[in-house]
Amino acid sequence: METTDISYLSMAVGLLLMALPVYFFHRLGARLIQSTAIATVRMVVQLFLIGLYLRYLFEWNSPLVNFAWVLIMVLVATFTAARRTRLRLRTIALPLFSGLLATAVVVGLYFLVLVLRLDHPFDARYFVPIMGILMGNMLSVNVIALNTYYDGLQREHHLYYYLLGNGATHLEAITPFARQAVEKSFAPCIANMAVLGIVSLPGTMIGQILGGSAPGIAIKYQMMITAITFSASMLSLMLTLRLADSRSFDVYGRLRNVRRKD
Amino acid sequence: MLEIKNASITIGGRQLFAGLSFTVPDGQTVCLTGSSGSGKTTLLRAILGFHPLDEGHISIDGELLTPSSAEEFRKHISYIPQELTLPSEWVSDMMRLPFTLKVNRGKAFSKDLLMAEWRKLELQPALYDKKVAELSGGERQRAVLSASGLLGKSILLVDEPTSALDAHTSALVLDYLKTLAVRGCSIVAVSHDADFAQGCDKCISVSATLP
């Protein structure tokens with residue numbers, strides 16, 4: 001079954017829908033028109049470029065090139081997370097890069113080798129999109145969690161010192177803050193998971209159905225994608241927090257100046 | 001016995017105190033006094049190993065405090081910072097919080113024992129089943145103190161234990177600290193309350209002008 005292509009004229013017609021929210025931004029005086037315009041232009045340009053990259057990635061289908069592409073995604077995700085959390089690069093860059101990369105490789109290959117049982121797990125058709133979807137989910141969870149974690153430590157420093165001052169180990173003293181971070185970042189994921197298929201039809205499933213897959217196969221993939229993104233988000237966060245620990249606290253157990261001033 | 005010898009701390013080029021020496025024998029109450037910003041709280045944090053001394057040393061029973069030994073030192077300490085807000089919703093959970101730490105799991109938490117401490121601090125037993133938000137600042141301060149008392153550590157460091165209390169309740173808190181001292185606990189309190197300071201066994205003035 002062929003997927004119906006969208007002509008450039010039809011795409012322009014589709015993008016016209018963006019005018020609706022922009023109109024209401026204008027009516028409500030919300031200062032979001034400029035950022036919406038920039039984001040829309042970025043989306044269009046980036047996706048066209050990605051389409052171009054993917055075409056070549058699929059043509060070459062080289063494990064090395066595919067892995068290099070993943071490295072670039074991890075690097076971009078690291079800098080994006082550092083910018084959104086306002087954490088200093090020297091604190092978070094290496095832990096985040098390592099956490100995202102290690103998790104993407106471990107969980108991604110777990111899915112490709114043990115679940116899909118592919119003979120060629122680095123095949124671009126599977127490897128690139130799976131790594132991409134893992135990266136997107138890990139990035140959003142890590143940004144919320146890292147913000148919550150470091151905000152909590154800065155705001156509730158009395159609690160941290162109270163726990164340490166009553167004999168807590170360092171791990172025990174940071175646990176309430178890690179718990180808050182996990183609760184806040186995973187609550188939306190759990191809420192989304194609970195309504196999958198009823199309130200929302202997720203992207204992977206829709207993409208597969210539009211691409212011609214049978215609905216039965218599409219839902220199986222969706223379940224697996226939900227499972228791997230959920231576990232990858234947690235694993236990457238735990239690795240990042242663990243690796244960032246010695247960069248976040250000094251030898252006396254005090255939280256360092258982890259945030260950028262800008 | 002807690003010993004502070006020839007301690008000096010400078011922060012941001014400003015010397016908080018220098019050449020500060022005193023001992024806190026087992027079962028004694030010591031009050032740190034001094035103007036705001038003189039370094040009293042910083043000294044408490046130094047005793048906990050959270051802040052380095054520029055000069056001098058701190059020891060407990062002859063063992064020197066170092067960054068690597070600080071965690072072991074803190075196993076013998078209970079600390080109550082000023083303006084403490086614990087994450088518990090219920091008072092009962094707030095009381096149990098320090099008992100959930102690995103180091104304190106050997107100390108059984110008992111509501112009966114806690115109520116005995118509360119009687120000394122004139123806290124109503126009904127508060128135990130209330131939400132933390134329903135407690136006044138003074139009640140919260142005394143409740144946290146009672147949990148530290150129940151822990152039975154050999155050293156208690158407490159920052160402004162009477163800041164939210166009237167004269168009568170401040171006297172109760174002082175009496176309570178003395179009952180802990182009778183059990184052998186060494187107590188170091190930071191306070192601006194002159195009556196409280198006078199009631200302690202020893203008063204140490206913290207300032208940059210110390211010899």
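Visitor: How many salt bridges does the rule find across the interface of chain B and chain A?
Guide: The rule finds zero salt bridges there, a salt bridge being a side-chain nitrogen of Lys or Arg within 4 Å of a carboxyl oxygen of Asp or Glu. This is a predicted model, in which local features need pLDDT of at least 70 and side-chain atom pairs count only at pLDDT 80 or more, while totals for chains, interfaces and linings use all residues. Residues are numbered from 1 along each chain as its sequence is written, chains are lettered from A in the order in which they are written, and side-chain values use heavy atoms, with hydrogens and water left out.

Visitor: How many residues does each chain bring to the contact?
Guide: Chain B brings 32 residues and chain A brings 16 residues, where contact means heavy atoms within 4.5 Å.

Visitor: New topic: what is the volume of the largest pocket?
Guide: Its volume is about 1,500 Å³, taken as the space filled by probe spheres set on grid points joined across faces, edges and corners. On a 1 Å grid over the protein atoms alone, a pocket is an open set of points where a 1.4 Å probe fits, with protein on both sides within 12 Å along at least five of seven lines.

Visitor: What lines it?
Guide: The lining has 37 residues, with A:Ile50, A:Leu54, A:Val128, A:Pro129 and A:Gly132 nearest the centre of the pocket; lining residues have an atom within 4 Å of a point.

Visitor: What are the spans of chain A?
Guide: The C-alpha trace of chain A spans about 65 × 55 × 35 Å along its principal axes. Chain A has 10 helices and zero strands, with helices (H or I, at least four residues) and strands (E, at least two) taken as DSSP runs.
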